[in-house]
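Colleague: I am new to this structure and would like to go through it with you. Could you please show it to me first?

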Amino acid sequence: IRRKLPKELVLYLIDKAVGAARTREASSRMFPLHLACQAGADEELIEKLFEVYPKAIDEVDSNGNTFFHVACMQRRLTVELAEKLLHMSTFKTIRQTNEDEALPLHIACQNRLPLEVLLLLSDCYPEALVYKDKRGNVPLHKAFQTSTELPVLVRLANRNHRALSRRNKRGETPLDCVSDVDRKKFLRAQY
């Protein structure tokens, strides 16, 4: 999977060596399902790996990441694939934190995933918008820190206004993470 083998070959190998889909990689402790998400594999391959070993959904890698954390690290995650992954997963997966105590929504905001993906994740777990990671950041901190587009910030903030007042361990609210100019733009768009 890491070497970008032709999809047909990977699917053939999965059929012939089903046990390999149930085996963790030694260094990262990732299952092939995690690796497929990391590599940006298409839906067919991800579905096949899930079919062969559905328990991999709830397994974590050496950093405490579920397959959904790993998928959110990929900037090319589409809403269609996110919906498919959510359908395949238990909702426990999007509520699971990694070693940084980050939820998949934190990672999705940090990686500036499309608005539709962020809304989908926040619809499935609304309290994720106010959940603090190890540094005390809520997902909006991550979105503001990475200069996410203004319409995305406004939509996320409107989903849970409490997120705007959450302070991280440095005492900053999400709005403190941007310049005065950007803060004014956000506030004008918000009200």
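Modeller: A word on terms comes first: helices (H or I, at least four residues) and strands (E, at least two) are DSSP runs, numbered from the N terminus. This is a predicted model, in which local features need pLDDT of at least 70, side-chain atom pairs count only at pLDDT 80 or more, and totals for chains, interfaces and linings use all residues. Residues are numbered from 1 along each chain as its sequence is written, and side-chain values use heavy atoms, with hydrogens and water left out.

Colleague: Where does Gly136 lie?

Modeller: Gly136 belongs to the loop between α8 (115–124) and α9 (139–145).

Colleague: Is Gly136 buried or exposed?

Modeller: Gly136 has a relative accessible area of 5%, so it is buried. Buried means under 20% relative accessible area, exposed over 50%, and partly exposed in between (1.4 Å probe, protein chains only).

Colleague: Which residues is Gly136 in contact with, leaving aside its neighbours within four places in sequence?

Modeller: They are His141, Arg167, Asn168 and Lys169, where contact means heavy atoms within 4.5 Å.

Colleague: Let us turn to helix packing. At what angle do α3 and α5 pack?

Modeller: Helix α3 (residues 43–52) and helix α5 (residues 79–88) pack at about 10°, and their axes are 11 Å apart. Axes are lines fitted to C-alpha atoms, for helices over the stretch in contact, and angles run from 0 to 180 degrees between N-to-C directions. α3 and α5 are therefore roughly parallel to each other. Angles under 35 degrees count as roughly parallel, over 145 as roughly antiparallel, 65 to 115 as roughly perpendicular and the rest as oblique.

Colleague: Which residues make the contact of α3 with α5?

Modeller: From α3 there are Glu43, Ile46, Glu47 and Phe50, and from α5 there are Glu80, Leu81, Lys84, Leu85 and Met88. By class, five are nonpolar, no residue is polar and four are charged. Ala, Val, Leu, Ile, Met, Phe, Trp, Tyr, Cys and Pro count as nonpolar, Asp, Glu, Lys and Arg as charged, and the others, Gly among them, as polar.

Colleague: And how do α10 and α11 pack?

Modeller: Helix α10 (residues 150–159) packs on helix α11 (residues 180–190) at an angle of about 55°, with the axes 10 Å apart. That makes α10 oblique to α11. Leu150, Leu153, Val154, Ala157 and Asn158 in α10 meet Lys185, Phe186, Ala189 and Gln190 in α11. This contact has six nonpolar, two polar and one charged residues.

Colleague: How many aromatic pairs does a search of the whole structure find?

Modeller: The search finds three. Rings of Phe, Tyr and Trp (its six-membered ring) pair if their centres lie within 6.5 Å; planes under 30 degrees apart count as stacked, over 60 as edge-to-face and the rest as tilted. One of the pairs is Phe31 with Tyr53, which is tilted, at 5.3 Å centre to centre and 40° between the planes.

Colleague: Are Phe31 and Tyr53 buried or exposed?

Modeller: Phe31 counts as buried at 4% relative accessibility, and Tyr53 counts as buried at 16%. Another pair, Phe144 and Phe186, is edge-to-face, with 5.2 Å centre to centre and 75° between the planes. Phe144 lies in helix α9 and Phe186 in helix α11, so this pair ties together parts that are 42 residues apart in sequence. Phe144 is buried, with a relative accessible area of 2%, and Phe186 counts as buried at 0%.
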